[in-house]
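I opened my notebook for a friendly look through this model. Here is what I looked up, entry by entry.

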Amino acid sequence: VFNKKGELSLITGSPGGSQIPAANLRVVTGVIDFNLHVGDATMLPRIHKDWPYDGLDFESTVSQDNLNLLDRIGHQLELSDTIGSTQSIQIIDGINYGFADLRRPNAGVSIEKSN
């Protein structure tokens, strides 16, 4: 993702087959539309619709209010353990901030600080 000046500002990707677009889009919209740090954007709850199947997958962290609204309009809700597993780098003022999605077993994050 490039900013308005044409500078690289975000790199993200995910395994997960049909879940890849939903996982990546959640990170991108979290950073761009809501001005979140890449780590906060990564850990937002995810919802996934796999066409042409009837079910709407959701993670346990999705609010009950949202689930009630989705159910009320007719979605068949199906709890999912994980939806994607993004690995991302956000560039802020020339500094790279990486974040590994903590949804996956044995995931970890390393921090390096320069003096």
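**Ground rules.** I am working with a predicted model, where local features need pLDDT of at least 70, side-chain atom pairs count only at pLDDT 80 or more, and totals for chains, interfaces and linings use all residues. Residues are numbered from 1 along each chain as its sequence is written, and side-chain values use heavy atoms, with hydrogens and water left out.

**Fold.** I found three helices and six strands in the chain, arranged along the sequence as β-α-α-β-β-α-β-β-β. Both are DSSP runs numbered from the N terminus: helices are H or I with at least four residues, strands E with at least two.

**Extent and burial.** The C-alpha trace spans about 50 × 35 × 25 Å along its principal axes. I looked up burial next: 31% of the 115 residues count as buried, meaning under 20% relative accessible area with a 1.4 Å probe, protein chains only.

**Contacts.** I checked the contacts (heavy atoms within 4.5 Å) with a separation of 6 or more, and 42% of them join residues 24 or more positions apart.

**Surface patch.** Which residues form a nonpolar patch on the surface? I noted Phe-2, Leu-8, Ile-11 and Ile-89, with about 360 Å² of accessible area together. I then looked up Leu-8, which sits in the segment before strand S1 (10-13). Leu-8 is partly exposed, at 37% relative accessible area; partly exposed lies between the buried limit and exposed, which is over 50%. Accessible areas come from the Shrake-Rupley method with a 1.4 Å probe; for residues, only the protein chains shown count as cover.

Technical notes
Patch = residues over 30% accessible without salt bridge, like charges linked within 9 Å, V, L, I, M, F, W, Y side chains within 5 Å. Salt bridge = Lys/Arg side-chain N within 4 Å of Asp/Glu carboxyl O.
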